[in-house]
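Please examine the sequence and the structure shown below.

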Amino acid sequence: MTVNGKDWWCPNCTEVAHTVDSKLPHHRCVKVGLMVPLLQVGVPAKLVLVEREDMIAGEHVQYSGDESHRPYMSAVVTRDDGQDTTVFAPTATAEGVS
Ligand SMILES: [Zn+2]
């Protein structure tokens, strides 16, 4: 049991981290080439990368960096007590600015 901070790991690569605050750490995962959250060591959880299902109509979406080149839209960490979702927002365009 660690008292000073939390340890984190990635199920898709060898990335590990140690944090002392309450923020959810992210890293650019070598498997998908996107910023994805890490899983806390000792906490049962799974990481799911969600692909865009809607049409990509001229948006500059972020594609994964691997050979599959998939248009991932979010990464979801599901734990027994909830979820954390990281959304890969399309690159901002000049809309809705007043
Ligand atoms: Zn990773």
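**Briefing on the predicted model**

V77 has D84 as its bridge partner in β8. This is a predicted model, in which local features need pLDDT of at least 70 and side-chain atom pairs count only at pLDDT 80 or more, while totals for chains, interfaces and linings use all residues. Residues are numbered from 1 along each chain as its sequence is written.

**Overall make-up**

- The chain contains 8 strands and 0 helices; helices (H or I, at least four residues) and strands (E, at least two) are DSSP runs, numbered from the N terminus.
- Read from the N terminus, the order of elements is β-β-β-β-β-β-β-β.
- Of the 98 residues in the chain, 12% are buried. A residue is called buried if 20 or more other C-beta atoms lie within 10 Å of its own, exposed if 12 or fewer, and partly exposed in between, with C-beta atoms placed from the backbone.
- Among the contacts in the chain with a separation of 6 or more, 43% are between residues 24 or more positions apart. Two residues are in contact if their C-beta atoms, placed from the backbone, lie within 7 Å.

**The sheet β6-β7-β8**

- An open sheet is formed by 3 strands in the order β6-β7-β8, with antiparallel pairing. Two strands pair if DSSP finds at least two bridges between them.
- Its edge strands are β6 (45-51) and β8 (82-87), each of which pairs on one side only.
- From one strand to the next, the twist averages 20 degrees; for such angles, axes are lines fitted to C-alpha atoms, for helices over the stretch in contact, and the angles run from 0 to 180 degrees between N-to-C directions.
- β6 pairs with strand β7 (residues 72-79) in the antiparallel sense over 7 bridges. In this pairing, L47 stands opposite V77 in β7, and E51 has Y72 of β7 as its bridge partner.
- β7 and β8 are paired in the antiparallel sense over 6 bridges, and they form a hairpin with 2 residues between them. V76 has T85 in β8 as its bridge partner.
- β8 is hardly covered, since the count of buried residues among its 6 residues is 0.

**The sheet β2-β1-β5**

- Another open sheet has 3 strands in the order β2-β1-β5, and its pairing is antiparallel.
- β2 (16-19) and β5 (39-40) stand at the edges with a single partner strand each, so one side of each is left without a neighbour in the sheet.
- β1 and β2 pair in the antiparallel sense over 4 bridges, and a hairpin joins β1 to β2 through 6 residues. Here W8 stands opposite A17 in β2.
- Strand β1 (residues 6-9) also pairs with β5, in the antiparallel sense over 2 bridges. W9 stands opposite L39 in β5.
- As a general point, strands of a sheet pair through backbone hydrogen bonds, either parallel or antiparallel.

**The nonpolar core**

- The largest nonpolar core has 11 residues in all, namely W8, C10, C29, V32, L34, V36, L38, L39, Y72, A75 and V77. The largest share of this core, 3 residues, comes from β7.
- A nonpolar core is a set of buried Ala, Val, Leu, Ile, Met, Phe, Trp, Tyr and Cys residues joined through C-beta atoms within 7 Å.
- C10 belongs to this core. Leaving aside neighbours within four places in sequence, C10 is in contact with E15, H27, C29 and L38.

**The surroundings of A45**

- A45 lies in strand β6. It counts as partly exposed because it has 18 C-beta neighbours inside 10 Å.
- Leaving aside neighbours within four places in sequence, A45 is in contact with L39, Q40, V77, T78 and R79.
- The C-alpha atoms of A45 and P11 are separated by 10.0 Å, and the two residues are 34 residues apart along the chain.
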